[in-house]
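Open the model in your viewer and keep the selection panel at hand. The tour goes from one selection to the next.

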Amino acid sequence: MARIVRLLIAGAATALAVPALAHAAERTLTFTTGPIAVEAYAVAQAPMFAESPKIDGYVTGMSAEVVDAAGRVQGRDKVMLHHIVFAKLGVPDYTCGGSTGERFFAEGEERLALSLPRGYGYPNKATDRWGVLYMLMNHKPKTLNGYIRYTVRYVSGEKLTPVKPIWLDVRNCSGPDPVFDVPGGGKRFSTFTETADFTMPESGRLVAGGGHLHGGGLRVELRNTTCDTKPFESRPTWGGAIPRPVLHEPGPTKMSAFTSVTGIPVAKGQKLRLAAVYDNGAPHTRAMGIMLLFLAPDAVTGCGPTPQLDIDLGRPSAPRRFSMPLPRAPKGAVSRATSTVVREFSYGTERVSLERGATFTWRFRGLLQHDVTVIGGPEGFSAPWTTTGVFKHRFTKPGTYRLFCSLHPTKMVQQITVR
């Protein structure tokens, strides 16, 4: 994310020209990006500028969706909004620092809208500039244009209690693709957990928050390890139709969120721990564990009780078991090679047979970013997005591994059988 926002800043000559707003109370503002072309059965991701309110005020709510040129909302089976992240450019991020951008709103498949409790707002100046990092997926056999339309509930002309966004991520500050792999292969009801700690630089009260998980996720926990409390956990709701062809493991359709006028107390120096808990009965690759919280700075000392929270719960359930198919059958003769070249839209060898214990090597030699992602098999693993370099994996578990490039899932597939 840091590198992406630096590119946005470097390309900024002037702030976007948007007509000034008159002073008023809360209103709903609607903005739409320019067209984003998404190739057939492919993924599009990039940073871009995002229009913002051109009067001093406060953001009190926000949501986003993908629409077509006529403004019609695109369903998951057309141009899917896999995720978007909004950042205020040039402002240090609360947990990653620097001057690359403050992450203040994000949505994934779960469509977790921003909603602050009454009396609180995220401050915004008329001169502030926003950027957005998007990832869209096209489930149709032809190139489609999508537009990101986002609405902002905005208050001007009155004073609200300001909040700061706290982005917690089990792979925080690790670049534009903060993912991890759940290896799978565990017993029934076994779990796999990734954690990250953050020490609070100031005191205050957490007045809103919600989580983000991928396929196989069970919950995202927020703990205060200093006080030995677990004030909130965000739980997923599963269900809904699965778009075809399947370009990634389906994620939750909702994640629970909370608001609180009183707020969860946290004191300077206390340690917050984020834990992303996944089912480990099967592999779940390129997983995430994120929670976005909003802090109202306040004089808080010691460990206080968690107030009753207003929780938008949804219908939490266990993730359904899903066998992820390859979008197309691998081609070519079976090879006993132990390496392949990854170029534009192809693995040099699509069908491979290996002895147990063998190490296989992928050599990236393209101009575009690609990766290696296991979508099914005895063990999950993935390689990061890259244009050059080498990725190796030693296969210790026999069976059939189904792999693809997560950015070009129908063009780049591979099957490796380990004897």
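Start with the bonded cysteines: counted along the chain, they pair in the pattern 1-2, 3-4. The model is a predicted one, and a search of the whole structure finds two disulfides in it.

**First stop: C96 and C173**

Select C96 and C173, which are joined by a disulfide with an S to S distance of 1.9 Å. Turn the view to look along the S-S bond: the angle about it is -100°, and the link is left-handed. C96 sits in the loop between β5 (79–88) and β6 (102–108), and C173 in the loop between β12 (164–169) and β13 (180–182), so the bond ties together parts that are 77 residues apart in sequence. With a surface display, check both ends. C96 has 32% relative accessibility and counts as partly exposed; C173, at 49%, is also partly exposed.

**Second stop: C227 and C303**

Next select C227 and C303, the partners of a disulfide with an S to S distance of 2.0 Å. This disulfide is left-handed because the torsion about its S-S bond is about -85°. It links distant parts of the chain, 76 residues apart: C227 is in the loop between β16 (217–224) and β17 (229–234), and C303 is in the loop between β23 (289–297) and β24 (310–312). Is C227 buried or exposed? At 16% relative accessibility, C227 falls under the 20% cut-off and counts as buried.

While cysteines are on screen, select C405 as well. Its relative accessible area is 0%, so C405 is buried.

Select M62, F86, W130 and Y150. These residues touch the most other members of the largest nonpolar core, which has 42 residues. Then centre on M62 and show what surrounds it.

**Last stop: confidence**

Colour the chain by pLDDT. The mean for the chain is 92, and 94% of the residues reach 70 or more. Where does pLDDT stay under 50? Select residues 1–23 to see that stretch; the model has 51 contacts for it beyond four places in sequence.

Conventions: Residues are numbered from 1 along each chain as its sequence is written. This is a predicted model: local features need pLDDT of at least 70, side-chain atom pairs count only at pLDDT 80 or more; totals for chains, interfaces and linings use all residues. Side-chain values use heavy atoms; hydrogens and water are left out. A nonpolar core is a set of buried Ala, Val, Leu, Ile, Met, Phe, Trp, Tyr and Cys residues joined through side-chain atoms within 4.5 Å. Buried means under 20% relative accessible area, exposed over 50%, partly exposed in between (1.4 Å probe, protein chains only). pLDDT is the predictor's confidence in each residue, from 0 to 100. Contact means heavy atoms within 4.5 Å. A disulfide is a pair of cysteine sulfur atoms within 2.5 Å. Helices (H or I, at least four residues) and strands (E, at least two) are DSSP runs, numbered from the N terminus.
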